[in-house]
Amino acid sequence: MEAATGLVGYWISNYAVKILIALLILLIGKWISHRISILLGKVLEKNRIDLILVKFLENITYYTLLIVVLIAAAGQLGIPTTSFLTVLGAAGLAVALALKSSLSNFASGVMLILFRPFTVGDFITAGGASGTVNSVNIFNTVLTTPDNQKMIVPNNSITNGNITNVTANPTRRINLVVASVTEMIF
């Protein structure tokens, strides 16, 4: 009984402080991560960045900072973080390779949102499709064709080809060839 009490006392004296500090790192780190992501969102909204991109960047920032906090807390507990970081890096590489086309669509969506070659309501021809833009999402763009069909075009297809924005300018030139009545009668 005395040995068990001594073991518990030894464990409490050596690990209780580490566990308490790790919990504080988690709680304070989570709060700081949340505050930083909200601050980033406010700065981006103030600079009139698209709301979809703002929310996405807020989430990415929050979860990235949360991973850093978890690694710091694990390090405080004495867990070797170098092997954890190696596994995390390898997993990130594997996910990136598996999602190559999705990441390409994501990068293209960010470019479309930032550079705005067209906006909602414009009639465009891009990615092998023509239609009025309903929405520009992170991975795809939704168009409505002249015959009222909904087309979902991957953003990568749009940015890898030519984009024709038909309604970008207020006036357009149309060439019409009209035959006279005398030319039509043989």
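This is a predicted model: local features need pLDDT of at least 70, side-chain atom pairs count only at pLDDT 80 or more; totals for chains, interfaces and linings use all residues.

Biologist: Which helix gives the most residues to the nonpolar patch?

Modeller: The nonpolar surface patch covers about 570 Å² and is made by Tyr15, Ile19, Leu23, Leu26, Leu70, Leu77 and Ile79. With 4 residues, the helix that gives the most to this patch is H1, which spans residues 2–46.

Biologist: Where does leucine 77 lie, and is leucine 77 buried, partly exposed or exposed?

Modeller: Leucine 77, one of the residues of the nonpolar patch, lies in the loop between helix H2 (51–76) and helix H3 (81–98). Its relative accessible area is 37%, and since buried means under 20% and exposed means over 50%, leucine 77 counts as partly exposed.

Biologist: Which residue meets glutamate 58 in a salt bridge?

Modeller: The count comes to 1 salt bridge, and glutamate 58 takes part in it with an N to O distance of 3.9 Å, where the cut-off is 4 Å. Both residues of the pair lie in helix H2, 3 residues apart, which is about one turn of the helix. The partner of glutamate 58 is lysine 55.

Biologist: Are glutamate 58 and lysine 55 buried, partly exposed or exposed?

Modeller: Glutamate 58 has a relative accessible area of 15%, and because the limit for buried is under 20%, glutamate 58 is buried. Lysine 55 has a relative accessibility of 41%, so lysine 55 counts as partly exposed.

Biologist: Which residue of S2 is the bridge partner of threonine 125?

Modeller: Strand S1 (residues 123–126) and strand S2 (residues 129–136) run antiparallel and are joined by 4 bridges. Their hairpin has 2 residues between the strands, and within this hairpin glycine 127 takes a positive phi near 60°. The bridge partner of threonine 125 in S2 is serine 130.

Biologist: With which side chain does threonine 145 make a polar contact?

Modeller: Threonine 145 lies in the loop between strand S3 (140–144) and strand S4 (150–154), and at 10% relative accessibility it counts as buried. Setting aside residues up to four places away in sequence, threonine 145 touches Ser130, Gly131 and Met151. The polar contact, at 2.4 Å, is made with the side chain of aspartate 147.

Biologist: Which side chain is joined to that of asparagine 155 by a polar contact of 2.7 Å?

Modeller: Asparagine 155 lies in helix H5 (residues 155–159) and, at 0% relative accessibility, counts as buried. When residues up to four places away in sequence are left out, asparagine 155 touches residues including Asn105, Ser108, Gly109 and Leu112. A polar atom of the asparagine 155 side chain lies 2.9 Å from the backbone oxygen of asparagine 137. The side chain at 2.7 Å is that of threonine 141.

Definitions and conventions: Residues are numbered from 1 along each chain as its sequence is written. Side-chain values use heavy atoms; hydrogens and water are left out. Patches are made of residues with over 30% relative accessible area and no salt bridge: like charges are joined within 9 Å, nonpolar side chains (Val, Leu, Ile, Met, Phe, Trp, Tyr) within 5 Å. Accessible areas come from the Shrake-Rupley method with a 1.4 Å probe; for residues, only the protein chains shown count as cover. A salt bridge is a side-chain nitrogen of Lys or Arg within 4 Å of a carboxyl oxygen of Asp or Glu. Buried means under 20% relative accessible area, exposed over 50%, partly exposed in between (1.4 Å probe, protein chains only). A polar contact is a pair of N or O atoms within 3.5 Å; within protein, one must be able to donate a hydrogen and the other to accept it, and residues adjacent in sequence count only if both atoms are side-chain atoms. Contact means heavy atoms within 4.5 Å. Two strands pair if DSSP finds at least two bridges between them.
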